[in-house]
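Trainee: I would like to learn how to read a protein model step by step. Could you take me through some features, giving the general idea before the particular case?

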Amino acid sequence: MSHPEPVARRMYDLVEPIGLIPYFADESDEALMALGLRNQWDAYFAGRAAPFGRSVPAEVIHAIFYNFAPGEVARHLPKVWELTTPEAALAARERGCVAGMRRILGDLADDPGVTRAGELLLKAATSAPVEGRALFAAVRTLPVPEEPVARLWHAATLLREHRGDGHTVALVAEGVGGTECHVLHALSAGIPANEFGRVWHLPAAQLAAVVNGMRDRGLIGSDDRLTDSGRATKERVEAMTDRLAEAPYNALSPTELKNLVADLEPISAAIRATLPW
């Protein structure tokens, strides 16, 4: 007997494309780079870490973001705050993301469904408790935009960071480290670790040490593929992530959830058709 798909998993499929706009729509990077930042990773860390302000050390951001290799965060923070301010970065990021969404959605950007989806997503996002979710809590402190496209993007960002904080909890519970989680994901998708976008750039010896450590724990076999234990670990991480991501959607009635899905489907489909999903 098949089990119904968790609500959080279905919503992830619909919300995640909107949450990925800052990382795949050129307008976001362009708006941030116009502030004087040096490269796309400056733009990434300035935009995503800005809710914490300029005084939080790189080591803390590294712990919160979780999935970067040692030293990667410190190459950009706090340097970016010598080039711009958190307030300017937040404004540029929102401006660029709205421009990117409007380009991708075209006429759909002004459809009433965008406004309706933004309101319901915001209701869901702001209902969730912040305890234990540092990045979600930081984004919750930001003003909510009034413009409908910006409001929808902001709500999706809240939910993305809420889910991401829960995903970190799941990884920690399974003893999967920050770099290891990329290897686990890559191999689960049939991609060799040294070809996966988030870790292929690491020095070969550093990546090999990560893979060997996972092999020693029985997660990876001698064929460089996930073992049964590795696949089971991945499945437990995803199941716990879904479970921890359910809370926001409990604030919506069945009718509201149904309407939200209906409004998000064409928006998500349009973004998926454009971004390298």
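This is a predicted model: local features need pLDDT of at least 70, side-chain atom pairs count only at pLDDT 80 or more; totals for chains, interfaces and linings use all residues.

Trainee: Which residues of the largest nonpolar core touch the most other members?

Mentor: A nonpolar core is a set of buried Ala, Val, Leu, Ile, Met, Phe, Trp, Tyr and Cys residues joined through side-chain atoms within 4.5 Å; buried means under 20% relative accessible area, exposed over 50%, and partly exposed in between, using a 1.4 Å probe and protein chains only. Here the largest core has 40 residues, and those touching the most other members are Met11, Ile18, Ile21, Leu121, Leu152 and Leu264. At least two residues each come from α1 (7-19), α7 (86-105), α8 (112-127), α9 (134-140), α10 and α14 (254-272), where helices are DSSP runs of H or I with at least four residues, numbered from the N terminus. The helix that gives the most to this core is α10, with eight residues. Apart from this core lies another, of 23 residues, among them Tyr44, Ala58, Trp81 and Leu135.

Trainee: What is Ile18 in contact with, leaving aside its neighbours within four places in sequence?

Mentor: Contact means heavy atoms within 4.5 Å. With those neighbours left aside, Ile18 is in contact with Met101, Leu152, Trp153, Ala156, Leu264, Ile267 and Ile271.

Trainee: Is Arg151 buried or exposed?

Mentor: Arg151 has a relative accessible area of 15%, so it is buried, and it is found in helix α10, which covers residues 148-173. Beyond its neighbours within four places in sequence, Arg151 is in contact with Glu119, Leu122, Val144, Pro145 and Glu146. By contrast, Arg116, found in helix α8, is partly exposed because its relative accessible area is 44%. The C-alpha atoms of Arg116 and Asn259 are separated by 8.6 Å, although these residues are 143 residues apart along the chain.

Trainee: At what angle do helix α11 and helix α12 pack?

Mentor: Two packed helices are described by the angle between their axes and the distance between the axes. The axes are lines fitted to C-alpha atoms, for helices over the stretch in contact, and angles run from 0 to 180 degrees between N-to-C directions. In this model, α11 (residues 178-188) and α12 (residues 204-216) pack at about 75°, with their axes 10 Å apart. They are therefore roughly perpendicular to each other, given that angles under 35 degrees count as roughly parallel, over 145 as roughly antiparallel, 65 to 115 as roughly perpendicular and the rest as oblique. The contact is made by Thr179, Glu180, Val183 and Leu184 of α11, together with Leu207, Val210, Val211 and Met214 of α12.

Trainee: How many of the residues of α11 are buried?

Mentor: Nine of the 11 residues of α11 are buried, so this helix is largely enclosed by the rest of the structure. The cover over its buried residues includes α10, α12 and α13 (228-244). Leaving aside its neighbours within four places in sequence, Val211 is in contact with Val183, Ala193, Ile220 and Asp224.

Trainee: Where is Asp224 found, and what is its phi near?

Mentor: Most residues other than glycine have a negative phi, and most peptide bonds are trans. Asp224 is found in the loop between α12 and α13, and its phi is near 65°, a positive value in a residue other than glycine. Tyr66, in the loop between α5 and α6, likewise has a positive phi, near 75°. As for peptide bonds, a cis one joins Leu77 and Pro78, with omega about 5°, and Pro78 lies in the loop between α5 (58-65) and α6 (80-83).

Methods: Residues are numbered from 1 along each chain as its sequence is written. Side-chain values use heavy atoms; hydrogens and water are left out.
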